[in-house]
Amino acid sequence: MALRAALLAASLMCAVQPGTVALACGDGEAPTSCDDPSPNGFASWMLGRVGRALQADSAKALTEFTTGTNGFRTADTYVFCVAPDGVMSAHPNPILKGHDVRDLHDKTGNHFIQTMLDTAKPGQIAVIHYLFPKPGSTIEEPKTTYYTKAGDQMCAVGVYDTDQSAPSAATPDGRVAQLRQKLDGEIPSQARADWIAFLEALNAQGDAKAAAIAQARRDMRAATTALDSAGLRQAGTE
């Protein structure tokens, strides 16, 4: 919860900082466009570069992933890596870099980092979907991330689904996303602290609902198990 709140706050602060020039995908070396999220396209090409860079010089590679140099960064797409102990070893956001991120989750309760750590395998590219804010935004947006095991690191590159199809304003979620994005750009500096507090309160409310749903599911499973056990005991005495 604290990590998610800090991440959203840092993202909002980044929104008012001077923009940086987006780097090209390997200076034209990529076989497909940067917007191609298919495992056989940009993602697999980039993860292949990641693996080779780590094998050649792990420390240098992790620095390049974090800074986005040497073609490891586009406007909204970047490489991140997590070490076996759960510490984010490479990420452009300083709130995450160098911190244990195994408990990081989106507002639906999806602990995506832990899932990736548990399932990443060398030589295989897996896919996971979750919600995460874009750089310079506080809005959690659908993201598709491709990941693999490279040496002792779990490394990944993701594509925001809204880059390919913007959320429809006809849906409640789409309308909320549009309004929050609009407000992010228009909230005056003197009101940003209150805006961040408001977003944190919304996230806390969502976390509480997700926790209540999870507890209800656990209670239902426990009750089902108890009823099944009671039925078996009764059948055994007949």
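V79 stands opposite V157 in strand 5, where helices (H or I, at least four residues) and strands (E, at least two) are DSSP runs numbered from the N terminus. The model is predicted: local features need pLDDT of at least 70, side-chain atom pairs count only at pLDDT 80 or more, and totals for chains, interfaces and linings use all residues. Residues are numbered from 1 along each chain as its sequence is written, and side-chain values use heavy atoms, with hydrogens and water left out.

Strand 1 and strand 5 run antiparallel and are joined by four bridges; two strands pair if DSSP finds at least two bridges between them. The bridge partner of V82 in strand 5 is M154. On strand 4, K143 stands opposite Y160 of strand 5, and eight bridges join these two antiparallel strands. Their hairpin has two residues between the strands, and G151 there takes a positive phi near 65 degrees.

These pairings belong to an open sheet of five strands in the order 2-1-5-4-3, with antiparallel pairing. Strand 2 and strand 3 stand at the edges with a single partner strand each, so one side of each is left without a neighbour in the sheet. On average, neighbouring strands of this sheet are turned by 35 degrees against each other, direction ignored.

Strand 5 has eight of its eight residues buried, so it is largely enclosed by the rest of the structure. Buried means under 20% relative accessible area, exposed over 50%, and partly exposed in between (1.4 Å probe, protein chains only). Both faces of strand 5 are covered, with Q153, C155, V157 and V159 buried on one side and M154, A156, G158 and Y160 buried on the other.

Helix 3 lies across strand 1, strand 2 and strand 5, at about 85 degrees to strand 2. Helix 4 lies across strand 1, strand 2, strand 3, strand 4 and strand 5, at about 160 degrees to strand 3. Axes are lines fitted to C-alpha atoms, for helices over the stretch in contact, and angles run from 0 to 180 degrees between N-to-C directions; contact means heavy atoms within 4.5 Å.

In helix 4 (residues 112-119), the buried residues are F112, I113 and M116. Seen down the axis of helix 4, they fall within an arc of 100 degrees, so they line one face of the helix; the arc is that of the directions from the helix axis to the C-beta atoms. Strand 1 (79-82), strand 2 (88-90), strand 3 (126-133), strand 4 (140-150) and strand 5 (153-160) are what these buried residues pack against.

Helix 3 (residues 58-67) also packs with helix 2 (residues 42-56), at an angle of about 140 degrees and with the axes 5 Å apart. That makes helix 2 oblique to helix 3: angles under 35 degrees count as roughly parallel, over 145 as roughly antiparallel, 65 to 115 as roughly perpendicular and the rest as oblique. V50, A53, L54 and A56 of helix 2 meet S58, A61, L62 and F65 of helix 3.

I139 is placed in the loop between strand 3 and strand 4. I139 counts as buried because its relative accessibility is 4%. The C-alpha atoms of I139 and L199 are separated by 9.2 Å, although the two residues are 60 residues apart along the chain.
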